[in-house]
Amino acid sequence: MKVSVDQEKCCAAGHCALAAPEVFDQREEDGAVVLLDPRPPLALRDGVAEASFLCPAAAITVED
């Protein structure tokens with residue numbers, strides 16, 4: 001699994017960091033997404049998929 005984020009699209013809602021905190025975080029200064037692990041283990045697939053689904057800005061891309 002490969003994960004990428006578009007920080008320009010990010011609206012800092014924080015759903016990603018709540019759904020998959022091992023993979024996503026937020027910058028303190030503006031709340032924008034920070035990708036912690038671009039190739040997370042498959043065991044985290046459900047959380048990453050949820051983060052992508054919940055992202056109101058569609059800033060998260062997940063490839064298998």
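Visitor: How many nonpolar, polar and charged residues are in the lining of the largest cavity?

Guide: Eleven nonpolar, four polar and no charged residues. Ala, Val, Leu, Ile, Met, Phe, Trp, Tyr, Cys and Pro count as nonpolar; Asp, Glu, Lys and Arg as charged; the others, Gly among them, as polar. This is a predicted model: local features need pLDDT of at least 70, side-chain atom pairs count only at pLDDT 80 or more, and totals for chains, interfaces and linings use all residues. Residues are numbered from 1 along each chain as its sequence is written, and side-chain values use heavy atoms, with hydrogens and water left out.

Visitor: What makes a space a cavity?

Guide: On a 1 Å grid over the protein atoms alone, it is a set of points where a 1.4 Å probe fits but cannot get out; lining residues have an atom within 4 Å of a point. The search of the whole structure finds one cavity of 30 Å³ or more. The largest cavity holds about 100 Å³. It has 15 lining residues, with C10, A13, G14, C16 and C55 the closest to its centre. Volume here is the space filled by probe spheres set on the points, which are joined across faces, edges and corners.

Visitor: Why is L18 called exposed?

Guide: Its relative accessible area is 72%. Exposed means over 50%, buried under 20%, partly exposed in between (1.4 Å probe, protein chains only). So L18 is exposed.

Visitor: Why is A12 called partly exposed?

Guide: A12 has a relative accessible area of 28%, so it is partly exposed. A12 also has a positive phi of about 65°, although it is not a glycine.

Visitor: What makes A58 partly exposed?

Guide: A relative accessible area of 47%. A58 has a positive phi too, of about 55°, and is not a glycine.

Terms used
On a 1 Å grid over the protein atoms alone, a cavity is a set of points where a 1.4 Å probe fits but cannot get out, and a pocket is an open set with protein on both sides within 12 Å along at least five of seven lines; lining residues have an atom within 4 Å of a point.
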